[in-house]
Amino acid sequence: MDAALELSGVTKRYGDFTAVDDLSFSARRGRILGFLGPNGAGKTSTIRMVLGLVAPTVGTINVLGAADARAVRERIGFLPEERGLYRRMTPIDAIAFLGGLKGLPTGEGRRRAAAMLEAQGLGDAAKRQIRHLSKGMAQKVQLISAIVHEPELVILDEPFSGLDPVNQQALEAVIRDLAARGATVVFSTHVMQHAERLCDHVVLLARGAKVFDGSVAQARGHAPRALVLEGALDAGTVAALPGVESVASEAIEDGGTRFTATLRKGAAGQDALRAALAGGHDIHRFEMREPSLHDAFIALTGGEAAQ
Amino acid sequence: MSRLLRIAAREYGAYVRTVGFWLSMLMMPVVSGLAFGAPAYLESHSPPPLVAVIDQTDRGFDSAAIATLKADKSPPEIAQVRPDPGKPLPDQLKTWLTVGPGGDSARPLTAVAVIHGSGDSISIDFWSNTLTDRSLERDVEGAVADAMRDQRLATLGIDLPALKAAQALKPTLTAFSPKAAAGGKVAFRDRLPGIVGFGTAMLLWMMILTGAGILLNSVIEEKSNRVLEVLLASASVPEIMFGKILGVAGVTLTVLAVWAGVGGTLLFTLRPDLAADVAAVLLGKGLVVYFLFYLVGGYLMYAAIFTAIGSFCETTREAQTLLGPVMALLMIPMIFLTQAIRRPDSPLLEALSWFPPFTPFLMTARAASEPPLWQVLGTGVLMAATVALVVWIAGRAFRAGALSTGKIDLKGLILRVRGGE
């Protein structure tokens, strides 16, 4: 079986509230899957079902070949959204303890913990109580404790939240390393830039339902391209160009105006640009803007909040 | 090592490895020693009170009062004072109590008793610097009252030595019981089981309450530190719950072992006869077995409840609301424990023993009086069944609580447990 994780028709209801609605997707082994959606979209509920912490109301979940993740928990690494560790333990003890729960012998756990802490620049903090570490350092310790047993499936719930840009970059490197080692990584986020840089495959969720499942390039295909023009133009002229669906304008620093012309699906940007140049307009600058995952997200979710 | 044992070992180490744990354990004998030793030390290292007695009746009450004062366990010094008839007595007394009477006494008097009056109307004006300590006052009052009675009896022509001898008469009481060991004659050793039963029941109650309290705080800490969700992804609910319960049981047993060791050593050293009797009761009457059985049952029952409650709370203040009914339940057997020594077979106590939350405490206290076997087995089976049910419900509650957010009241707790999540 090629999928490390497979959900089929999964629904989760809490009383009258449907947190997850008929969700199906799969994560291929050795790939990075981004599980995207705004806050409250149902990402954490889905992850809890995947981990076997709560049961789905309807549907089936297959994790590493098992119908219940609890049967294969030693092969899974999990970093929860709300992070925390035993404040009075040292990082090395905490990592060895949590690794031990995943079947890693204590001695081996301590050895790996020391090496991984050193690699993350926390060698000096290995034997200090966690309560004395900074928030960023403690988050690194928790990430290490989630992967110290070298899991086949790593599930990270909002792993980038609370990290500064430098640590976010370091975490991206860790995720890439995990995938390079052969692990399947599933991470949830509402920050599209991380998913755009890391993911082979994204699943977009809005109000508990899946709105997209495919590659980043395919997701981008759902958002319109845009032609950006700056110069002596007016909105009416830009709107009249071939293939233009709508126009947004904004003032720029040199006193001119920037027009962002959203193109109709399938329309060639070159036709609009050619028409603008042929019209003899004084154009200082032009740019064909490819849609980002953020644009795709907005288009697919109907404009729900995303960063 | 299994996950359960790893969790238990972490829990145990989290407490036992701390300096605070051993310090608090050492604090107990230090505080107990101070509580017993400090008053005696203060008594022996303070100057004795300086007391004077002025008898204006000329009936020898001063001699009686001084004799009583001197017979005290911590006798005061007696000062000889002679009031000046030309000055008001209260003024002189105030001076003696604040400055001193002069002469041989270099320090102020602690108290002066002035005995005056005539016939049966004798009064004592007791002047003192210590308003709270009334022992000297009572000694003088008692001595004068005895002397007044003796004088009245003498005037009535009653032979005082004969009367006192008559008053000292009392029968020799010997208690017998079919439950007594040696030929029906009751000895202290026969009464010891009841006392030991009461003691072990109290110990059981304290251990259960302490252990459950430690667990509650531990779970609240894990919940507030967001560790519980990580644990749930790494181990099953029974592994987490029983691991924690086992770890804290280890902590409680460590405290018990240290104290039993220290207490046993002291008892064997100071009172080897009593130590042998206590050991005979604990081992011979099977109290140790009862104690262990009810300790396991009671601890599991309350530890599971406290653990489940803790999983819903991020602060001890939140826990207090949910703990109220459980604490009220825990207090009830305490009310009846003393009764278990005097009337172990009372119908009310027997009935209450069948209520599983009370069974561990009341049956431990009653165990020494050897209740009928059917009661022991019946209450034991009922308690075991209840423990299984409570642990099952607590497991569902623990899972729901560990993943819950926000405050929860008792109604919400019940709804979550029924829903299972």
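**From one helix to the chains**

Author: Helix α10 of chain A (residues 293–301) has as its buried residues Leu293(A), Asp295(A), Ala296(A), Phe297(A) and Thr301(A). Buried means that 20 or more other C-beta atoms, placed from the backbone, lie within 10 Å of the residue's own, and helices are DSSP runs of H or I with at least four residues, strands runs of E with at least two, numbered from the N terminus. This is a predicted model, where local features need pLDDT of at least 70, side-chain atom pairs count only at pLDDT 80 or more, and totals for chains, interfaces and linings use all residues. Residues are numbered from 1 along each chain as its sequence is written, while chains are lettered from A and ligands numbered from 1 in the order in which they are written.

Reader: Which residue follows α10(A), with a positive phi?
Author: Its phi is near 75 degrees. The residue is Gly302(A).

Reader: Which helix of chain A gives the most to the side that touches chain B?
Author: The contact takes 20 residues from chain A and 16 residues from chain B, counting two residues as in contact if their C-beta atoms, placed from the backbone, lie within 7 Å. With 4 residues, the top contributor on the chain A side is helix α2 (residues 91–101).

Reader: How far apart do the C-alpha centres of domain 1 and domain 2 of chain B lie?
Author: Domain 1 of chain B spans 50–167 and domain 2 spans 186–419, with bounds from an automatic or database domain assignment. The distance between their C-alpha centres is 57 Å.

Technical notes. A residue is buried if 20 or more other C-beta atoms lie within 10 Å of its own, exposed if 12 or fewer, and partly exposed in between; C-beta atoms are placed from the backbone.
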